[in-house]
Amino acid sequence: MAASLTLPDAWAFSSYGTEKRRQILDGASDVFLASGFDGASMGEIARAAGVSKGTLYTYFASKEELFRALLREKCASTAERCFVLRPEGDVRAELTAVAGRYIAAMAEPEYIATVRVVIGVADRFPAVGAAYHEAGIETAVALLRDWLAAKSAGGELAVEAPELAARQFICSCYAQTVTPMLFGQMEQPAPDEIAKAIRFTVNAFLRAFGPAA
């Protein structure tokens with residue numbers, strides 16, 4: 001006979017547990033963005049989430065664990081939303097659309113603030129940096145890699161190393177637009193600057209990996 005779930009495990013599989021976890025993550029997001037990782041406290045997070053500290057610790061054993069969970073959810077959902085690529089879509093149109101969605105998402109003030117928090121604590125909490133990298137960047141790379149491989153198999157592209165090509169494309173997307181914001185440039189890039197960066201990135205990619213004539 002299978003062992004029955006015990007609290008809090010049973011809560012995690014109930015609608016109540018799911019809703020409460022969502023409530024905690026929403027409250028934690030506000031606190032981490034306002035106070036940073038070091039400035040945030042579990043007590044403050046509990047108050048922002050509208051739960052007791054006991055309930056908070058039922059779901060997350062530490063502040064680090066809570067922050068990792070928040071990063072995994074936010075970064076993975078952002079990557080999955082941005083890197084929706086239609087198998088039948090035109091290569092140039094799909095890459096242009098993906099680049100636009102990705103840059104727009106990364107240039108959001110909340111994203112910039114989150115990345116700065118991660119950078120600030122990654123040396124002391126390597127698991128935090130790993131959670132951000134795996135959920136965000138690696139998810140994006142995997143989605144684009146698989147699409148590039150399929151397009152290459154169909155003859156629309158000639159990409160010998162789809163994963164490396166995916167990483168290069170993603171880096172090119174934010175190098176000219178988002179990176180300056182991470183290091184102090186507070187204003188978002190102008191729409192014409194973004195459009196220029198996207199055209200350059202897509203054109204360079206297709207010159208490198210377009211099918212041989």
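Is the crossing of H8 and H9 left-handed or right-handed? I find that H8 and H9 cross in a right-handed way (left-handed if the near helix is turned anticlockwise from the far one by less than a right angle, right-handed if clockwise).

Ground rules before I go on. I am looking at a predicted model, where local features need pLDDT of at least 70 and side-chain atom pairs count only at pLDDT 80 or more, while totals for chains, interfaces and linings use all residues. Residues are numbered from 1 along each chain as its sequence is written, and side-chain values use heavy atoms, with hydrogens and water left out.

**Overall.** I get 11 helices and 0 strands for the protein chain (DSSP runs numbered from the N terminus: helices are H or I of at least four residues, strands E of at least two). The C-alpha atoms fill a box of roughly 65 × 55 × 25 Å along the principal axes.

**H8 on H9.** I looked up the geometry: helix H8 (residues 126-153) packs on helix H9 (residues 162-175) at about 120 degrees, with the axes 8 Å apart. Axes are lines fitted to C-alpha atoms, for helices over the stretch in contact, and angles run from 0 to 180 degrees between N-to-C directions. H8 and H9 are therefore oblique to each other (under 35 degrees is roughly parallel, over 145 roughly antiparallel, 65 to 115 roughly perpendicular, the rest oblique). On the H8 side the contact (heavy atoms within 4.5 Å) includes Ile 137, Val 141 and Leu 144, and on the H9 side Pro 162, Phe 169 and Ile 170 are among the residues. I note 11 nonpolar, no polar and 4 charged residues in this contact (Ala, Val, Leu, Ile, Met, Phe, Trp, Tyr, Cys and Pro are nonpolar; Asp, Glu, Lys and Arg charged; the others, Gly among them, polar).

**H6 on H9.** Helix H6 (residues 91-106) meets H9 at about 55 degrees, axes 9 Å apart, which makes H6 oblique to H9. The H6–H9 crossing is right-handed. Phe 169 and Ile 170 of H9 turn up here, with Cys 173 and Tyr 174, against H6 residues including Leu 95 and Tyr 102.

Which elements give two or more residues to the lining of the largest pocket? I list helix H5 (63-82), H6, helix H7 (109-121) and H8. H5 gives the largest share, 6 residues.
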